[in-house]
Amino acid sequence: MTRIGRIIALSVLVMTGVGVRAHAQAPINSNVALQPSKGGLIIRQQFRYTEGEQVSPMGDLDIESASTITTLVYSVSDKLTLILDTPFVLSRRIENRTMGSDDTDSGFADLRLLTKFRLYRDDFGPTDTARFDLIGGFELPAGRDEFSSDSIDPILGGVFSHIEGRHAFDADAIWKFNTGGGERGADLLKYDLAYLYRLSPETYASTRPTALFGAVELNGFYETNSDNELFVSPGIQYVTTRWIVEATVQLPVWQDLNHRAERDFIVGIGFRVQF
Amino acid sequence: MKPPFMIVPTAVATLLTAGCQTAPPSADDAQISGVPSQAQSPDEEATAFPADRTATLWVKGLACPYCVHNIDRQLAETTGVERVHVDLPTGKVRVALVADHPATRQQLVKVIDDSGFTLDRIEMPR
């Protein structure tokens with residue numbers, strides 16, 4: 001995987017949040033400790049646009065990528081959920097200002113197969129709950145070399161959610177053990193803090209309830225090659241009993257990167273439908 | 001790095017404006033499985049959920065509208081259940097049972113358990 005490929009693959013990872021948050025009142029770019037009911041299926045579709053740049057002696061590179069991620073969530077029991085992320089990079093363009101060259105490419109990025117297991121649940125009100133889930137799984141090199149790590153990478157982590165009244169707090173940390181060699185060998189820590197506020201309604205309707213949430217997230221990345229990146233991500237989410245639409249923008253507030261390109265911003269929109 | 005700083009205030013303003021413009025949910029949409037979505041008058045309510053064969057469950061942990069569908073779907077697929085109404089703000093779930101071979105208390109308790117929520121209490125029809 002090239003350095004440019006790494007930024008695209010990581011951008012996909014940002015969007016999927018390692019794929020475990022396809023539930024309602026869930027942060028848009030991070031995880032939530034909620035699960036669908038037994039036998040429940042959720043399909044989530046996300047679209048992202050990323051711009052970044054890389055400064056190098058060979059000339060500055062401007063990077064644009066568009067990707068779509070399909071996520072399937074199936075609940076085996078009230079405690080165990082299976083999640084499959086299938087990211088597809090629709091296009092990317094690399095423009096070398098010095099040389100004036102462009103390049104485009106497309107293909108599947110690594111698939112992620114994850115499980116989420118609930119360890120703790122305290123439902124302390126009709127619409128109030130606190131939960132903790134363990135997350136485990138693998139990232140599989142099912143994609144093209146350009147977007148793939150070419151290794152089966154274990155993923156382990158946990159997520160805590162506290163939802164009370166109009167407020168929701170989520171915190172998670174995910175560690176990806178990169179079993180590939182060379183520059184690809186850096187492990188990844190992804191950590192998130194999220195706050196959601198129910199903008200409307202003040203009190204849920206008794207019949208066919210809907211809700212509009214505002215979200216603010218901090219999405220952090222640390223790689224064992226010392227690359228660090230932190231985003232602040234405002235977002236908005238409209239939730240009904242069957243579907244959700246959402247939008248977010250992710251802005252870097254701290255970047256210390258030596259092994260890949262910087263991302264200037266990421267814009268994401270998406271929807272989720274449950275069956 | 002070229003942070004597009006203008007995006008921050010724009011996004012916040014959009015978020016707040018959207019929140020202000022959101023209309024409250026329509027009471028005309030009844031979240032009742034098994035009957036068409038329509039306004040429920042007191043008479044219609046009594047017909048849809050007759051007291052002599054309606055169980056009432058109080059459920060905790062319904063974090064959002066999405067959770068309503070989780071319980072609603074599970075109960076609607078249960079043998080012996082005719083229709084369901086989930087009241088999100090109170091966690092009150094009404095379950096109209098079929099006249100012949102109605103769902104049992106144990107069945108309803110298991111459905112809530114499978115849904116991943118906490119059953120506070122249950123009242124079966126007498």
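This is a predicted model: local features need pLDDT of at least 70, side-chain atom pairs count only at pLDDT 80 or more; totals for chains, interfaces and linings use all residues.
Student: Okay, so why is B:His101 called exposed?

Tutor: B:His101 has 9 other C-beta atoms within 10 Å. The limit for exposed is 12 or fewer, so B:His101 counts as exposed.

Student: Where does B:His101 sit?

Tutor: Look at the loop between strand S4 (92-97) and helix H4 (105-115) of chain B. Phi of B:His101 is near 55°, a positive value, and the residue isn't a glycine.

Student: What about A:Arg208, is it buried or exposed?

Tutor: For A:Arg208, the count is 21 other C-beta atoms within 10 Å. Buried takes 20 or more, so A:Arg208 is buried. A:Arg208 also has a positive phi, about 40°, without being a glycine.

Student: And which loop holds A:Arg208?

Tutor: That's the loop between S9 and S10 of chain A. A:Pro201 is found in the loop between strand S9 (188-200) and strand S10 (211-223) of that chain.

Student: How do you know that the peptide bond from A:Ser200 to A:Pro201 is cis?

Tutor: Check omega: for the bond from A:Ser200 to A:Pro201 it is near -5°, and the bond is cis. Most peptide bonds are trans.

Student: How much of chain B counts as buried?

Tutor: Of its 126 residues, 37% do. Chain B has four helices and five strands, arranged along the sequence as α-β-α-β-α-β-β-α-β.

Conventions:
Residues are numbered from 1 along each chain as its sequence is written. Chains are lettered from A and ligands numbered from 1 in the order in which they are written. Helices (H or I, at least four residues) and strands (E, at least two) are DSSP runs, numbered from the N terminus.
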